[in-house]
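Look at the structure, then read on.

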Amino acid sequence: MTNTPREITRRQMMHRIGLTALVAGPTAGLLSACATSGGSTPEPAASTGGGAAKSDSNPFGVKADAPLEVVIFKGAYGDEYATQSHEPLYVKEFPQAKITHQGIQTIAQTLTPRFASGDVPDVVNNSGTDNLDTGSLVAAGQLLDLTPLYEAPSIDDPSKKVKDTLVPGTIESGLVGDPAKPYILNYVYTAYGLWYDAKLFEKEGWTPPKTFDEFKTLADKIKAKGMTPYAYAGKNASYYQYWMILISAAKIGGNQVLIDIDNLADGAWTNDAVKQAAAAWAEIGKYMDKSYEGLIHTEVQTQQNQGKVALYPSGSWLEPEQAKDTPAGFEYAMAPTPSVSASDAMPYEAIRAVAGEPYVLPAKGKNINGGLEYMRVMLSKEAAKAFTEKTKSLTVVVGSTEGLTLSPGTASVVEVQTAAGANVVTWSSFEQWYKELETELRKQTNALMFGRITAEQFCTNMQKAADKTKADSSVTKQKRTA
Amino acid sequence: MRHGKLSQASSPMALRRYGFILSFLAAPLVLYVVFVIAPYIQAFQIALTNWKGISPDFDYVGLENFGRMFDDDVFWQAVRHHGLLLLVMPLATIAIALFFSFLLNVGGGQANGRRTGVRGSAFYKIVFFFPQVLAVAIVGVLFQAILRPDKTGVINNALGAVGVDPVGWLINPDLALWTIMGVMVWQAVGFYVVLFSAGMSSIPSEVFEAAALDGAGRFTLFFKITLPLLWDTLQVGWVYLGIAAFDGFALVQVLSVDRGGPDNATTVLPLEIWRQAFTFSKYGYASAMGVALFFLTLTFAVLTLRVTRRERIEF
């Protein structure tokens, strides 16, 4: 979740184009310097990775000595879980396989040229603020359909298929394209809500608000104490805020509101539920100092750790992300977003809990069977447990927390999830499908929350942006039904 | 290069000499063609396609990308910002740099019959050059701390000490672009102080002495002697700064809210090109914007050189 700007360095560029150009002479150099001419001939034969015999322990027929290249987004979760658990587990199965590991932050900038040239890694953790546009990749046939992975036997219990060992909704959250196929493995079970310091709230006698009226009453009380009641980081994390608006909209009008938004349905943004949600959150925005628009997420999160901000919108990665800065005596806890009205379609307890943190397999990788096997390893209980231990985050693998002592924040998430039961707010796919619309939403969210536009204008502007995306013939359209 | 001579160069000595020269010229020329000229030409080609940058496949769509660009509000916002940058940034930078370099070189009065700069000018010259030494990313990060919108910002902290409320340097849509312009000027001034200083020191001191004998004060010296004799250098500085006004990518990217915000108030063409290419996977459209930027910059440079052309004063 960092946004360190890092372009491809000139050295890398030289390495990729220049060296071959100099060796092959000026003419070849001219050709290979042309971005569009590189790798125009796919190598279908090599890309199947040769292949060994398939067996129960090797369901994809991975060639034992085939190297595997793994690219991990080194953000809030770090990449130790991969280097110290997932990759060693893979090597345990195939001791001759050499793994090339890369932990980076700018996934799109680093990998786009590689996709264009056809020299792609085998496993990509496509996350962070600079992630690859999955919709475009699928449309270009660059990603592998993960159906064989989900149909393969599980490592822990070969009588079960992998798909039966996952939290319901996991596979659906990774469907892309028309007809929709599972291209994305969302590995981390993420819950979204309002985060606060349980110890502080206990001391002050505050409870997380259940309605927006309670929210405002509480905000006045917190303000009287000299604290900022609620804040988010406008400079680089306005999407944390639009999640809250979307969650509230879904609570008011049901999940269909979000599905309509994803499907670019006519009037999806001018829907009354979206309007009410935007208006309710704009009221809360008035409690926020204008300066929060110019701060980044870590600055606001540190302010919360210092007791300057009471409630902060985020997902369950917050606790591990802040682990280094959290003072002793600060105990993270998460609460659902408040209800807007008594006639809301979903109860207060409803939360957005989705499988997140996307992993994909490039279709033209050199060892695609190895990539599938790597994912099967990730979905074993041992790997999932190691992930939860290293990152303090839950995975989509059912029963992988058995025997683990959970941190206060994670325990609170489990509690909130249990209370929510089947009342789960669905995810939003447009964030991945339509980046242009998403960028506009970030901008309009800041304008709304810092009082430059009304809820009415917010809805009209977003509808205009959605209609523009719908009319844009260069954008591949996608649909979801649930 | 005198290719004609090459064929006559029959002696091994001459061959070796030309071979030597050619080998020195060939490497930079090849590098320049491969890394500068070829990408430029290719941008024109890609601008006519719907290439998404993630596979080798694309279709030619004619001028569709340009049509889209002319309907794009964000594009026009960015162009307007460049217009404003172009009006204000070079003028402010040159004015400040001229003022400083005049003081540093001839503004200090007479000493031993020679005109000198103000006291300590050698020291100031180095100090003014400091910002130029810093990479633009570092300047950006420094100014993040200086311009922080709450009381912890360096400027707002100082303002707070005299009872002024924090100013939203980068979060007020009416102020953000001006703030970024201020940073650009701050960073550029040092270089032009040195450039103009060099220009001024090449003006013969007799000219100043003669003028001073005729009773010219500092103002007359500056406007009647220094400025006209510095015209060539000024012209170069103007073109450099104008081209810099078409960039601004790094500072906007690092400093502004949500990269180009709030509400697109600070966005510039290079940033939109970057966003269209890397965030929206629209390399074709991004290239069309790049072509537009190419022509804007070229038009500016040609116009400046034409309009400011004057008779050269020899001395």
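Q: What radius of gyration does chain B have?
A: This is a predicted model: local features need pLDDT of at least 70, side-chain atom pairs count only at pLDDT 80 or more, and totals for chains, interfaces and linings use all residues. Residues are numbered from 1 along each chain as its sequence is written, while chains are lettered from A and ligands numbered from 1 in the order in which they are written. The radius is taken over C-alpha atoms, and the globule rule is 2.2 Å times the number of residues to the power 0.38. A compact globule of 315 residues would come out near 20 Å, but chain B has 25 Å.

Q: What box do the C-alpha atoms of chain B fill?
A: Chain B is built from 14 helices and two strands. Helices (H or I, at least four residues) and strands (E, at least two) are DSSP runs, numbered from the N terminus. Taken along the principal axes, the box is roughly 80 × 75 × 30 Å.

Q: How far apart are the centres of the two domains of chain B?
A: The bounds come from an automatic or database domain assignment. That assignment gives domain 1 (3-36) and domain 2 (64-307) of chain B. Taken over C-alpha atoms, their centres are separated by 40 Å.

Q: In which helix of chain B is confidence lowest?
A: Confidence here is pLDDT, the predictor's score for each residue, from 0 to 100. Chain B averages 85, and 92% of its residues score at least 70. Helix α4 (residues 73-105) of chain B is highest, at a mean of 91. The lowest mean, 48, belongs to helix α1 (residues 3-8) of chain B.

Q: What share of the residues of chain A count as buried?
A: A residue is buried if 20 or more other C-beta atoms lie within 10 Å of its own, exposed if 12 or fewer, and partly exposed in between; C-beta atoms are placed from the backbone. In chain B, 35% of the 315 residues count as buried. For the 482 residues of chain A, the share is 53%.

Q: Which strand does β8(A) pair with in the parallel sense?
A: Two strands pair if DSSP finds at least two bridges between them. Strand β8 (residues 309-315) of chain A has seven of its seven residues buried. Strand β6 (residues 185-197) of chain A runs antiparallel to β8(A), joined by four bridges, and W195(A) stands opposite Y312(A). The parallel partner, over two bridges, is strand β7 (residues 228-230) of chain A.

Q: Which element gives the most to the side of chain A that touches chain B?
A: Two residues are in contact if their C-beta atoms, placed from the backbone, lie within 7 Å. The contact takes 40 residues from chain A and 34 residues from chain B. On the side of chain A, the elements that give two or more residues are α2 (26-33), α5 (107-117), α6 (134-139) and α19 (435-449). With seven residues, the top contributor is α19(A).
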